[in-house]
Amino acid sequence: MEMEPKVSIIMPTWNRAAFIMDAVDSVTGQTYQNWELIIVDDGSTDNTEAIISQIKDSRVQFYKAGKIGIGIRLKNIGIERSCGELIAFIDSDDMWAPSKLEKQVRIFYDYPDAGFSITGGYNFRIPGEPLEYFYKEREGIKYDNIFFSFFRSEAAVLPQTLMFRRSCMTVIQKFSESAPFSDVEFILGLALEFKAVILYEPLLYRRLHDTGYSIMNWEKGYYEGIHVIRLFRHKGKLPAKMARDALFRLYIHSGEEFANFKKPGKAISNFLKAWMNKPFSIIPAKKTGKLILRYFKSSRVD
């Protein structure tokens with residue numbers, strides 16, 4: 001590369017002493033080395049600070065933010081303290097593939113009009129043992145305006161895969177610290193203004209555990225999805241049919257999740273909402289029928 005731009009990596013954390021060194025090691029082990037890691041601590045009560053204090057790398061900074069409890073504010077604090085031309089995020093219980101930064105930085109040379117890039121990845125519980133992949137594709141790229149791709153379930157809104165140019169911040173407002181869903185809204189806002197590259201290779205390894213965000217807040221993510229679909233539809237950025245299709249998929253998926261968490265009433269309610277968005281689809285009826293049959297059989301066994 002002609003130059004090696006610095007990448008500012010922001011890592012919000014709270015009581016992740018059990019996992020944070022895995023995350024940090026996945027940063028220090030990157031093949032691309034011009035980076036700074038800013039760990040923003042949200043008032044941890046475990047020994048997170050003591051663990052980080054043992055790291056002898058001047059590129060790793062630890063900032064005690066006090067108890068804020070708003071993830072978006074923690075990210076803002078990290079951005080304000082950073083100086084890199086490129087910005088990326090990593091959660092303190094996740095890990096990156098060693099080549100993630102190198103491959104994403106390369107994207108901005110190959111596609112100078114791209115404002116940001118996202119990557120593939122997978123969920124795991126045991127390191128090195130993938131569960132679900134984010135994309136069917138595991139290689140190749142897509143360069144385009146990808147705003148609609150998020151609503152067609154063709155792109156995943158995961159900040160841990162995101163890398164964007166600092167210059168984008170002059171066009172896109174900073175993360176709103178009062179909006180509960182601003183992570184997603186920010187990425188969708190980027191997609192409205194800039195072309196992007198999806199790098200399908202699985203470069204993020206997202207850890208699933210009982211205290212993880214994805215488990216504890218899965219229902220919040222459901223409401224987040226509804227919020228952003230309706231928001232961008234209201235703003236006139238999302239065609240009505242695409243909004244209905246997106247809501248249909250969301251209600252079907254959330255209905256299945258509610259069923260898995262043994263909440264049949266909410267599951268059926270969501271299947272009904274899916275049907276209201278696509279009255280001619282038989283999928284909601286089939287899902288509802290299978291759920292009722294499952295609970296009927298279960299009650300007979302009990």
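Is Ser 153 buried or exposed? In this predicted model, Ser 153 counts as exposed, because its relative accessibility is 55% and the exposed class begins over 50%. The residue is found in the loop between helix 5 (147-151) and strand 9 (163-165). Its backbone is also of note: phi of Ser 153 is near 60 degrees, a positive value in a residue other than glycine.

A positive phi of about 60 degrees is also assigned to Lys 262, again not a glycine. Lys 262 is placed in the loop between helix 9 and helix 10. With a relative accessible area of 67%, Lys 262 is exposed.

Two packed helices are described by the angle between their axes and the distance between the axes. The axes of helix 9 (residues 240-260) and helix 10 come within 8 Å, and they cross at roughly 165 degrees. Angles over 145 degrees count as roughly antiparallel, and helix 9 and helix 10 are therefore roughly antiparallel to each other. Their crossing is left-handed.

Helix 10 spans residues 264-277 and includes Met 276. Together with Leu 272 and Trp 275, Met 276 makes a nonpolar surface patch of about 340 Å².

Elsewhere, Tyr 133 lies in strand 7 (residues 130-133). Tyr 133 has a relative accessible area of 29% and is therefore partly exposed. Between Tyr 133 and His 209 there are 17 Å in space, C-alpha to C-alpha, and the two are 76 residues apart in sequence.

Note on methods
Residues are numbered from 1 along each chain as its sequence is written. This is a predicted model: local features need pLDDT of at least 70, side-chain atom pairs count only at pLDDT 80 or more; totals for chains, interfaces and linings use all residues. Side-chain values use heavy atoms; hydrogens and water are left out. Patches are made of residues with over 30% relative accessible area and no salt bridge: like charges are joined within 9 Å, nonpolar side chains (Val, Leu, Ile, Met, Phe, Trp, Tyr) within 5 Å. Accessible areas come from the Shrake-Rupley method with a 1.4 Å probe; for residues, only the protein chains shown count as cover. A salt bridge is a side-chain nitrogen of Lys or Arg within 4 Å of a carboxyl oxygen of Asp or Glu. Helices (H or I, at least four residues) and strands (E, at least two) are DSSP runs, numbered from the N terminus. Axes are lines fitted to C-alpha atoms, for helices over the stretch in contact, and angles run from 0 to 180 degrees between N-to-C directions. Angles under 35 degrees count as roughly parallel, over 145 as roughly antiparallel, 65 to 115 as roughly perpendicular and the rest as oblique. A crossing is left-handed if the near helix is turned anticlockwise from the far one by less than a right angle, and right-handed if clockwise. Buried means under 20% relative accessible area, exposed over 50%, partly exposed in between (1.4 Å probe, protein chains only).
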